Number of protein chains: 2
Amino acid sequence: MAKTIDSLPVDNGYRMPGEFEPHKGCWMLWPERPDNWRLGGKAAQKTWVNVATQISKFEPVTVGINHQQYANARAMLPEHIRVVEISNNDCWMRDNGPTFVINAKGNVRLVDWGFNAWGGLKEGLYFPWDLCSAVAQKVGEIEGIDRYKAPFILEGGSIHVDGDGTLITTEECLLNQNRNPDLSKDEIESYLKNYLNVEKIIWIDKGVYQDETDGHIDNICCYIRPGVVALTWTDDKTDPQYDISVDAYERLSNSVDARGRKLSVHKIHQPNPIIITKEESSFVDSVDGTIPRNTGDRMAASYINFYIANNGIVMPLFDDPFDQIALKALEELFPNREVVGVNAREIILGGGNIHCITQQQPAG
Amino acid sequence: MAKTIDSLPVDNGYRMPGEFEPHKGCWMLWPERPDNWRLGGKAAQKTWVNVATQISKFEPVTVGINHQQYANARAMLPEHIRVVEISNNDCWMRDNGPTFVINAKGNVRLVDWGFNAWGGLKEGLYFPWDLCSAVAQKVGEIEGIDRYKAPFILEGGSIHVDGDGTLITTEECLLNQNRNPDLSKDEIESYLKNYLNVEKIIWIDKGVYQDETDGHIDNICCYIRPGVVALTWTDDKTDPQYDISVDAYERLSNSVDARGRKLSVHKIHQPNPIIITKEESSFVDSVDGTIPRNTGDRMAASYINFYIANNGIVMPLFDDPFDQIALKALEELFPNREVVGVNAREIILGGGNIHCITQQQPAG
């Protein structure tokens, strides 16, 4: 049912739509690995149920599960959420899942990127990642969606598009030697243009301080709509995030997109630093080759890492004074969407946030 | 998306259609367990590809795979056949899969039977069977089809229906103490009537000689259309199958179905006895608790174990002089369907045949 297409999306008239365009639904995976998620994933799983349940109020949700957790996930998730087997090494559907592309007729295909667990054998976050590498293809098989297999390492969280010719990303990630070391910046731009059908790439320098993905764009900056982006921010000049956000603000504010628009940049103040407690680090298996979770480490918390659903926004909250400020800011930026928050502490403890664990499938 | 329905198909107006009614497609699983399939399943897998490919000429085919075999199965199967993860302990979709039911509006639901590996801890064919028990539910989740969970052990291969009120089965299987020992024959009939919406059950005594399923109906007798059945046969009075087939012929010929029709019974002569060779038994892992495959054992070969597809029949062949006689007989019985044969020796070596490894999903 699902073919592998031996040509390029740009040549076939397929483009990656903006996340704010209409969705058929949302894909997620399920946390369980005990060397990344404390308490064997039990705490994170409750948060996953909350995220999936909130998104499912706006659009259909499918959750892919390793078979050992199938019965438990099926029992924990509401009945109207679809649960299917999709084996994976960890649960970051944004990064190991497909990037969907559409054409003018509304036909949908997907791009199946190379995946090396955010950095490969030396700097990757775990080993092996063979199951993650097959997630995109399996989504396509279930849905009967043809795929492009891109000979290029990329995680979905490292790019954002406006659906209208422009992509934003970070040099820290896409130019990192641990992703595609043999490709020049120009060659990387060519891949992005060919597979996502964009004309202009806007580069910022770095992602959020301490972000273990090597600075994914989706934790620091995202599109609200074409010409309008949101950026994580801090007023605390002593915070290492300050210089990063200032630099990003300047680059973005001075950028012109593929349609000649100057970008409007909205600052969303980050939460106060979130530190792993002793209790939180105590119940994570220690496995050589998996990134450790150490007491006292600061997590890369940001409100930017939200999911745009049909008529809704599902955003992370951290039980922090800045929560309500961020929520109101998103309500103003998305006047036609209902903004709901989910406490996301258990997600950031594993190294990501709501956007990282979701992947929108555009409406056909 | 898929709900569990807490009522009975018969009360909701759902019935099991005959296999000869229109299909949306066909479900299969994938052989791999080395204690049942010789050569780690490699020989059987080639036959599976042949069966799936032939069926796919008539209707869409989905094959469910344990994740370890996903890449290999995807590579071996033609691209137009859908491949999804459905973990299983063995690959008999007829028996561990769902039984689909439809209503007058064309809505489709499924019945998820209890499963105990054809006989439970004492007489079952392997242990454990936990993954098989979840296959029906997982099919329903993928398709978004609501299910009835029947508190009753039953394999799909142990029943055939005409879709018009009548079911045929064997006493050897359904009344076996290793299935539902606490239920009387009347109670078992009630379950069949409630979950499949039939009014009349026609019982024959036994299934095919040496059939390890405890005599599944689908290896000895099947519906061609309402009022017409085919029966495996032998003219060799010294063959233990002879008395079994004569008894079945008499019972069937003297039966009246739910609509008052006398059954017309067509004999299909079986192949000559098929014996496991030393080579065939030599490359099967020996595992305590799994039925052994011994040199010299006779397999339960029958031409009745075919699959009825949309406009087609996919039937087993055995490289036997009776092959062409059976093929011509089926061509006469199904004048509007193309009959194609697949050499099925590798399937019977594992204990079943083409009907056992398939499950039709009716058109909605």
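Visitor: How many of the seven residues in strand 2 (residues 23–29) of chain B are buried?
Guide: This is a predicted model, where local features need pLDDT of at least 70, side-chain atom pairs count only at pLDDT 80 or more, and totals for chains, interfaces and linings use all residues. Residues are numbered from 1 along each chain as its sequence is written, and chains are lettered from A and ligands numbered from 1 in the order written. Strands (E, at least two residues) and helices (H or I, at least four) are DSSP runs numbered from the N terminus, and a residue is buried with 20 or more other C-beta atoms within 10 Å of its own, exposed with 12 or fewer and partly exposed in between, C-beta atoms being placed from the backbone. Strand 2 of chain B is mostly covered, its buried residues numbering six.

Visitor: Which residue of strand 19 (residues 359–362) of chain B is the bridge partner of B:Gly25?
Guide: Strands pair if DSSP finds at least two bridges between them. Strand 2 and strand 19 of chain B have four, in the antiparallel sense. The partner of B:Gly25 is B:Gln361.

Visitor: Does strand 2 of chain B run parallel or antiparallel to strand 3 (residues 61–65) of chain B?
Guide: B:Trp27 stands opposite B:Thr62 in strand 3 of chain B. Four bridges join strands 2 and 3 of chain B, and their sense is parallel.

Visitor: Which helix of chain B makes a β-α-β unit with strands 2 and 3 of chain B?
Guide: The unit is right-handed: with the strands pointing away from the viewer, the path from the first strand over the helix to the second runs clockwise. The helix in the unit covers residues 42–56 of chain B and is helix 2.

Visitor: Over what arc do the buried residues of helix 10 (residues 240–253) of chain B lie?
Guide: These buried residues are B:Gln241, B:Ile244, B:Ser245 and B:Ala248. They are on the same side of helix 10 of chain B, because the arc around the axis, taken from the directions from the axis to the C-beta atoms, is only 95°.

Visitor: Which element gives the largest share of the side of chain B that touches chain A?
Guide: Contact requires C-beta atoms, placed from the backbone, within 7 Å, and 20 residues of chain B are in contact with 20 residues of chain A. Helix 3 (70–76), strand 4 (82–85) and helix 7 (135–143) of chain B each give two or more residues. The largest share, four residues, comes from strand 4 of chain B.

How values were computed. Contact = placed C-beta atoms within 7 Å.
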